[in-house]
Amino acid sequence: MIFRIYFLLFGILLLISTPIYSLEVIEILGGKASEIPIAIVPFEDSVGISGQKAHQIISKDLDRTGLFRPLNTRGISKPPSSDININYTKWSAMDAQFIVVGKVESENRNKRSIEITWSLIDIFKEKTVVTMKYMGKKKQYRAIAHKVSDYVYEHLTGSKGVFHTKIAYVKKINDKKYSLNISDFDGFNSKAILNTTQPIISPRWSPDGKKIAYVSFEKKKPVIYVQNLKTGKRTLLANFKGNNSAPAWSPDSKKLAIVLTYNKNSQIYIINSDGSGIKQLMRSNSINTEPSWAPNGEDIYFSSNRGGSPQIYKINITNDDITRITFEGKYNLSPSLSYDGKLLLFLTQDQGKFKVAIQNLISNQVLRLTKGPSDESPIFAPNGHLVLFTYKDYGKTTKIGTVSINGLKRVPIKVGNVIIQEPTWGPVID
Amino acid sequence: MKKSLLLLSLAGLFVAGCSTTPMDAPGDPSSNYYGQDDPSTDSVSSESLGLDELRSNVLLTQRSVFFDFNKYDIKPEYSDLIGAHAQYLNDHSAARMILKGHADYRGSHEYNLALGQKRSVAVKEALNSLGVSDSQIETISYGEEYANQECQAEACGQDRRADITYEVE
Amino acid sequence: MNTPQFNFDFIRNSNIWTTLENDHNLQANLFSFLIHFLLFIFMIFSIQWQTKILNYAEVELWDAVPTQIKNKQIKKEPKKIKKIKAAPPKITKEQLKINEEAEIKLKKKKAAEKKALAKKKKLQEIKKLQAKLLKQEEIERLQDKVLEQEKLDQIKDKLLEQEKVDKLQDSIRDEELVKKPRLAIEADKELLAGINSGELDRFKALIQQKIQQNVNNQLCGLDRVELEFEISLMPTGDLLGEPKMTQSSKIASCDAAVERAILQSQPLPIPKDNKLFKRLKDLKLKFHPNGHYDL
């Protein structure tokens with residue numbers, strides 16, 4: 001019977017004791033920049049594609065970003081072509097966190113058009129992220145592969161993919177032969193839109209993608225043209241006395257900032273895209289050039305030696321306030337703004353070498369992305385995560401390449417064995 | 001009559017149909033539409049231009065002023081040269097000089113265009129101070145576009161210059 | 001003898017009270033009950049006692065500081081008086097001048113000394129404030145310690161209770177009621193020995209380091225973001241189930257990257273001691289991938 005007393009009393013204790021649930025807390029500060037290991041498996045091909053295969057195109061695309069580490073998938077026995085029966089253990093053992101599988105087929109036995117069905121698979125969670133099907137002509141094979149890269153990139157990083165975009169650059173075949181070329185961002189499918197016997201510099205793609213402005217020396221002095229990409233026709237935007245150069249489009253593609261000299265020093269002006277309404281932005285005795293419009297449409301960044309040596313400043317169009325932006329190093333040029341206005345790309349001279357650098361406009365931290373010694377013309381990709389620039393190959397021939405904004409990956413863009421310079425990047429097409 | 005009218009109207013249409021070439025910039029005097037070709041030399045005699053002198057005088061045949069890296073101040077060793085050219089221009093009011101600035105390949109193309117411009121302007125201002133008026137001088141710049149791309153940094157001194165040229169030549 | 005039944009008849013029948021007197025078994029049981037009860041009261045009291053120490057400490061510390069200043073001041077004044085008396089007044093013009101100069105000098109001295117005093121006072125005030133702040137900090141630290149101690153004690157209590165209940169439920173089946181409470185006490189002692197905060201912190205640091213290395217913060221944009229995940233661990237260090245996100249960074253790629261970092265860090269470093277493991281088996285992870293601890 002005493003059991004019962006006990007039982008009752010401890011029963012009461014049990015009732016009054018409430019269970020606590022206090023978790024230990026661990027604070028984790030910061031992290032480490034790393035590349036996502038991803039295996040792009042060779043696509044099953046029943047069509048017979050010649051040239052680079054989809055998995056190679058996608059691997060090279062993702063590799064350029066410095067955010068992915070494409071694993072070697074050559075020689076894999078029985079590569080999967082869909083998300084059925086994936087051997088997660090095997091891929092996990094290869095340290096892959098994601099894999100891409102796919103197949104290329106031809107619909108209706110018509111070999112000129114193809115279908116690519118592909119899947120992105122999460123190895124950690126052991127599930128398919130997405131499966132998609134793209135259709136197009138056989139000659140659009142590369143474009144379709146780039147579309148897959150875009151999707152994978154956007155899904156895993158949250159940034160817009162730029163693998164479908166175009167670039168333009170100047171080709172110097174010899175002292176008397178120059179051309180302005182447009183190609184895929186990776187250099188493929190290049191074609192000339194202008195051929196001249198005199199130098200071409202500063203080509204700039206309009207943000208709406210329809211036109212390219214550039215400086216030509218064909219009139220024996222620098223003048224600015226605007227060329228319509230659809231029609232191929234061009235108009236002379238600026239041919240004032242002295243130099244006309246450094247065209248920079250406003251974010252709405254309606255105006256350009258340009259540099260004129262009028263028998264004196266280089267100064268910045270604003271002009272409408274049809275050539276009307278010229279307005280001087282500043283007056284000074286120093287060099288002011290290389291305008292670059294901020295995405296807010298209110299500020300124009302430029303380089304100037306008003307402080308003694310070239311540095312980057314910005315001017316507000318409304319109140320004419322001028323602020324200095326770069327303070328590290330004695331020689332900073334060629335400003336280029338990211339689409340969100342948070343990052344500034346520029347050229348800096350460091351220990352006698354010209355390198356591409358990037359500055360966070362909020363924290364003002366500077367990171368040098370390249371090693372020089374003769375790097376130039378840094379241009380942002382439209383997603384602000386990749387950079388186009390020129391460097392000297394074997395110290396002699398100028399070439400173009402991309403570098404990721406974390407500085408981890410520098411990859412050349414191969415477009416022939418001649419001097420390639422003055423690149424510009426076309427916009428994202430939705 | 002009709003033919004000339006037709007020609008005239010055609011010419012007019014041609015000019016009108018020409019692409020939007022800006023003429024004057026508001027608020028800025030002396031902005032001219034710079035023509036395509038050099039004006040002909042027929043109108044002025046070679047004598048009045050003293051071309052012989054131009055081609056034989058020791059100083060006048062020197063046509064380049066050289067500069068240090070990233071600099072556009074004129075070094076004292078060129079004062080005689082500039083003096084001689086100033087003299088020539090003052091003596092021959094019909095002569096037209098075109099100063100062409102250059103830079104070496106280091107730095108960006110646009111900045112070098114501006115740097116080359118500064119160099120030609122520096123020479124122009126030196127000439128101004130010796131009495132030469134702007135009406136006789138034109139300044140342009142080629143930046144690094146005609147520079148030697150393969151020289152080694154400091155050894156590119158040849159490219160850091162302002163060239164003196166005359167319209168007649 | 002009797003199988004336990006949950007009915008209240010035995011109270012109603014109220015034979016307890018007479019049986020209390022007579023039954024020796026009952027007395028033994030009552031005695032053991034008393035011990036339990038005392039233990040319980042003892043524990044409650046032990047908590048109260050600590051807070052009392054706190055107040056006592058506060059008062060004591062304060063009293064020490066002010067007295068020192070007073071002593072110093074008293075020492076200074078007598079010296080001054082002596083100096084003034086030392087100057088003998090012989091009245092000649094020269095002497096007047098000298099006197100005047102001496103007076104001026106003295107005035108200056110006085111002013112200087114006043115200033116010095118004022119300075120000293122200020123310094124001492126600052127020291128006071130600093131001491132106050134230090135004391136406050138110490139107090140806060142002590143308070144934290146006490147709170148921790150309270151928490152620990154509460155946990156101990158609950159664990160004890162749970163242990164007791166567990167053991168009791170067992171013992172109801174086999175009638176060994178006397179032995180069980182003693183065993184329960186022994187078990188509690190072992191538990192207390194195992195909870196060593198130093199070891200806990202060490203493992204927390206190991207876990208923090210391992211996960212941090214895997215957080216690919218490039219995918220978290222440029223601004224300050226915060227995330228929280230809750231995880232449960234198995235004794236092998238592997239996760240039990242999926243990490244549960246309780247606060248998102250609002251950036252999908254960042255959330256995914258942090259979750260991957262957690263998954264990638266398996267197996268997490270886990271103490272072999274079972275009691276310590278129990279403290280760590282459910283964790284709340286707070287991430288600041290772009291650094292900047294909040295100010």
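**Figure 1. A salt bridge between chain C and chain A.** In this predicted model, the side chains of C:Lys204 and A:Glu24 meet in a salt bridge, with N and O 2.8 Å apart. (A salt bridge here is a side-chain nitrogen of Lys or Arg within 4 Å of a carboxyl oxygen of Asp or Glu.) C:Lys204 sits in helix α6 of chain C and A:Glu24 in strand β1 (residues 24–29) of chain A, so the pair joins two chains. (Helices are DSSP runs of H or I with at least four residues, strands are runs of E with at least two, and both are numbered from the N terminus.) Both C:Lys204 and A:Glu24 are buried. (Buried means under 20% relative accessible area, exposed over 50%, and partly exposed in between, using a 1.4 Å probe and protein chains only.) There's a network to look for here too: salt bridges link A:Glu24, C:Lys204 and C:Arg279. Over all chains, the structure holds 25 salt bridges.

A quick note on reading these views: residues are numbered from 1 along each chain as its sequence is written, while chains are lettered from A and ligands numbered from 1 in the order in which they are written. Because the model is predicted, local features need pLDDT of at least 70 and side-chain atom pairs count only at pLDDT 80 or more, while totals for chains, interfaces and linings use all residues; side-chain values use heavy atoms, with hydrogens and water left out.

**Figure 2. A salt bridge within chain A.** A:Arg234 pairs up with A:Glu218 in a salt bridge, the closest N and O atoms being 2.9 Å apart. A:Arg234 lies in strand β14 (residues 234–238) of chain A and A:Glu218 in the loop between β12 (211–216) and β13 (223–228), so the pair ties together parts that are 16 residues apart in sequence. A:Arg234 is partly exposed, at 30% relative accessible area. A:Glu218 also counts as partly exposed, at 28%.

Figure 3. The disulfide in chain C. The link joins C:Cys220 to C:Cys254, with the sulfurs 2.0 Å apart. (A disulfide is a pair of cysteine sulfur atoms within 2.5 Å.) C:Cys220 is in the loop between α6 (197–214) and β1 (227–232) of chain C, and C:Cys254 is in helix α7 (residues 252–264), so to speak a link between distant parts of the chain, 34 residues apart. The link of C:Cys220 and C:Cys254 is right-handed, with 85° about the S-S bond. Where chain B meets chain A. Here 44 residues of chain B are in contact with 53 residues of chain A. (Contact means heavy atoms within 4.5 Å.) The size of an interface is often given as the accessible area lost when the parts come together. For chain B and chain A, the buried area is about 4,100 Å², and carbon and sulfur atoms give 52% of that. (Buried area is the accessible area, with a 1.4 Å probe, that two parts lose on being put together, summed over both.) The rule finds one salt bridge across this interface: B:Glu125 and A:Lys264 meet through their side chains, at 3.6 Å from N to O. Twelve residue pairs between chain B and chain A are in polar contact, both residues being at pLDDT 80 or more. (A polar contact is a pair of N or O atoms within 3.5 Å; within protein, one must be able to donate a hydrogen and the other to accept it, and residues adjacent in sequence count only if both atoms are side-chain atoms.) On the side of chain B that touches chain A, α4 (109–128) and β3 (137–143) each supply at least two residues. Helix α4 of chain B gives the most, with eleven residues.

**Figure 4. Between α4 and β3 of chain B.** B:Asp134 forms a salt bridge with B:Lys124, with 2.8 Å between the closest N and O atoms. B:Asp134 belongs to the loop between α4 and β3 of chain B and B:Lys124 to helix α4, ten residues apart. B:Asp134 is partly exposed at 36% relative accessible area, whereas B:Lys124 is buried at 3%. B:Gln136 is found in the loop between α4 and β3 too, and counts as buried at 8% relative accessibility. A polar atom of the B:Gln136 side chain lies 3.1 Å from the backbone oxygen of B:Ala95. Leaving aside neighbours within four places in sequence, B:Gln136 has contacts that include B:Leu89, B:His92 and B:Met97.
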